[in-house]
Amino acid sequence: MAMFKVDAMQSWSGPSVPLLPGRGPQLRLYDSADRQVRPVTPGATATMYVCGITPYDATHLGHAATYLTFDLVHRLWLDAGHNVHYVQNVTDVDDPLFERAQRDGIGWRELADRETELFREDMAALRVLPPHDYVAATEAVAEVIEVVEKLLASGAAYVVEDSRYPDVYFRADATAQFGYESGYDRDTMLALFGERGGDPERTGKSDPLDALLWQAERPGEPSWTSPFGRGRPGWHVECAAIALSRIGTDLDIQGGGSDLIFPHHEFSAAHAESVTGERRFARHYVHAGMIGWDGHKMSKSLGNLVLVSGLRSQGVDPSVIRAGLFAGHYRDDRFWSQAVLEEAQDRLRRWRNATSLAAAPDAVDVVARVRRYLADDLDTPKVIAALDGWATDALSYGGHDSTAGQTVAAAVDALLGIQL
C-alpha cells in the first residue's frame with residue numbers, strides 16, 4: 001500500500017548485540033485476540049508495530065516494562081536470524097499534552113520535544129534496541145489524511161453534522177469482525193471507551209462507540225489543512241496510518257500495554273482493515289501487563305510514579321531495572337518495590353561474580369534453557385531461575401570451563417539486554 005511518508009524524527013543509539021552460536025526454538029507468544037499462546041511465524045523480515053508515548057511526562061516503569069517486553073521479542077528475532085522492521089510512534093499532538101503544557105505554562109511543542117528527548121535517553125540507558133522507524137504523529141498528518149479520505153469514500157466514516165465542529169468519525173460497525181481483538185461485550189466497550197479517551201456522549205454520532213478520526217480545528221490548538229477542513233488526527237488512526245505506510249499489511253505483531261487493547265488497538269486495527277480489506281491487521285496482538293508501586297496502582301494522579309530517569313539519577317544500574325522487571329512475567333500485572341530493586345541488585349552481583357570466575361560449569365545447557373524459556377511466551381521468571389542456578393553452582397563449586405563465564409555473559413547480553 002503506497003502512501004506519502006516522511007521520516008524526520010530520530011530514535012536513539014542502540015547497543016551492539018553479541019552474535020551467539022546456534023539457534024533457539026521458534027518463538028511462541030500469547031495472542032490477545034485468540035486468547036492462547038501461538039507460534040509467531042515471520043518471514044525473513046519480522047515486522048512489529050508498538051505504540052509509543054504521549055510525551056507529556058517522563059518515562060515511568062510501566063512504560064519501561066512495555067518496551068522491554070518488545071525488546072525481548074526484537075532480540076529473539078535477531079537471535080533466530082531474522083531482519084527486524086520495528087516501528088514505533090510518538091503521539092505528539094493530543095489533549096493530555098495540551099492540558100499539561102497549559103498547566104505548566106509552556107508551549108505544547110516545547111513540552112513534547114523535551115519529554116521525547118528524555119524518553120530517548122531512558123531507552124538508550126536501558127539498552128532497548130531502537131525502532132527502524134520512529135515517527136511522530138505530527139510527521140504523519142498527510143498519511144492520516146489519506147486514510148481518512150479512503151474511509152470516507154468507502155462509507156466507513158462520516159462527518160458529524162455540526163456547523164461549529166464538523167469532526168470525522170469511524171463507524172464501529174464498519175468491519176464485521178469489530179471486537180475480535182478484545183473480545184469485550186458492548187457494555188464493557190462503552191465503559192472503557194469513556195475512560196480511555198473516547199467520547200460516547202458526543203452528540204451527532206451514529207453510535208456512541210464511533211471513534212474520532214479527524215478533530216476539526218479548535219481555538220488555540222494546532223491544526224492542518226485537509227479536504228474535510230482544518231483539524232488534527234485522532235489517536236487510533238494515527239497508529240493505523242503509520243503502520244500501513246511503514247510496514248503495510250504484512251504485520252507480525254501489534255504491541256503495547258494491556259490498557260491499549262480497547263479502544264486503541266481494537267480501533268487502529270479496524271481502521272487498517274477497513275482500508276485494506278484484510279480480515280486481520282496483525283497476526284499477533286501482544287500486550288504487556290501493568291506495573292504498580294508497592295502494592296498500589298501507579299498513576300500520575302496518585303503521585304507515586306517511579307520514573308526511569310529518577311532511578312538513574314539515584315545511581316541505579318539500568319541492568320538492575322531490566323532484571324527487576326524481568327522477575328515477573330510480562331503479561332502479569334505486578335508491583336515494583338524497594339524489595340524488588342534490592343533483589344535485582346543482589347542477583348546481578350551474583351551473576352557478575354559467577355561470570356567473572358576463571359573457570360565455571362559448562363554453559364551450553366543453561367544458554368539452551370534461556371533460549372527455550374524465552375521462546376515460550378517470554379518466560380523470564382524461568383530464565384532467571386536457570387541463571388540463578390548456574391551462578392549458584394559456579395560460586396559454590398567452580399567448574400572446568402574457562403570460557404563458560406564469557407559465554408553466559410554474552411547470552412545474557414544478547415537475549416536479555418543485561419550487561420554482566
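## Close-up views of cavities, cores and rings

**View 1. The second largest cavity holds about 40 Å³ of space.** This is a predicted model, in which local features need pLDDT of at least 70 and side-chain atom pairs count only at pLDDT 80 or more, while totals for chains, interfaces and linings use all residues. Residues are numbered from 1 along each chain as its sequence is written, and side-chain values use heavy atoms, leaving out hydrogens and water. A cavity is a set of points on a 1 Å grid over the protein atoms alone where a 1.4 Å probe fits but cannot get out, and lining residues have an atom within 4 Å of a point. Its volume is the space filled by probe spheres set on the points, which are joined across faces, edges and corners. Look for Trp351, Thr355, Leu387, Trp390, Ala391, Val408, Val412 and Leu420 around the second largest cavity. The elements giving two or more residues to this lining are α10 (338–355), α12 (380–397) and α13 (404–416); helices here are DSSP runs (H or I, at least four residues), numbered from the N terminus.

**View 2. The largest cavity has a volume of about 60 Å³.** Its lining includes Ala65, Leu68, Leu325, Phe326 and Arg334. Helix α1 gives the most to this lining, with four residues.

**View 3. The largest nonpolar core has 72 residues.** Such a core is a set of buried Ala, Val, Leu, Ile, Met, Phe, Trp, Tyr and Cys residues joined through side-chain atoms within 4.5 Å, where buried means under 20% relative accessible area (1.4 Å probe, protein chains only). Leu325, Leu387 and Trp390 are among the residues with the most contacts inside this core, and α1 gives the most to it, with 10 residues. Leucine 325 touches residues including Leu61, Ile291 and Trp336 (heavy atoms within 4.5 Å).

**View 4. Tyrosine 67 and phenylalanine 119 form an edge-to-face pair.** Rings of Phe, Tyr and Trp (its six-membered ring) pair if their centres lie within 6.5 Å; planes under 30 degrees apart count as stacked, over 60 as edge-to-face and the rest as tilted. These two ring centres are 5.4 Å apart, with planes at 75°. Tyrosine 67 lies in α1 and phenylalanine 119 in α3 (residues 108–125), so the pair ties together parts 52 residues apart in sequence. Phenylalanine 119 is buried, with a relative accessible area of 0%.

**View 5. Phenylalanine 178 and phenylalanine 267 form a tilted pair.** Their ring centres are 4.9 Å apart and their planes at 50°. Both belong to one aromatic cluster, together with Phe170, Tyr184, Phe193 and Phe262.

Definitions and conventions
On a 1 Å grid over the protein atoms alone, a cavity is a set of points where a 1.4 Å probe fits but cannot get out, and a pocket is an open set with protein on both sides within 12 Å along at least five of seven lines; lining residues have an atom within 4 Å of a point. Buried means under 20% relative accessible area, exposed over 50%, partly exposed in between (1.4 Å probe, protein chains only). Lists of a residue's contacts leave out its neighbours within four places in sequence.
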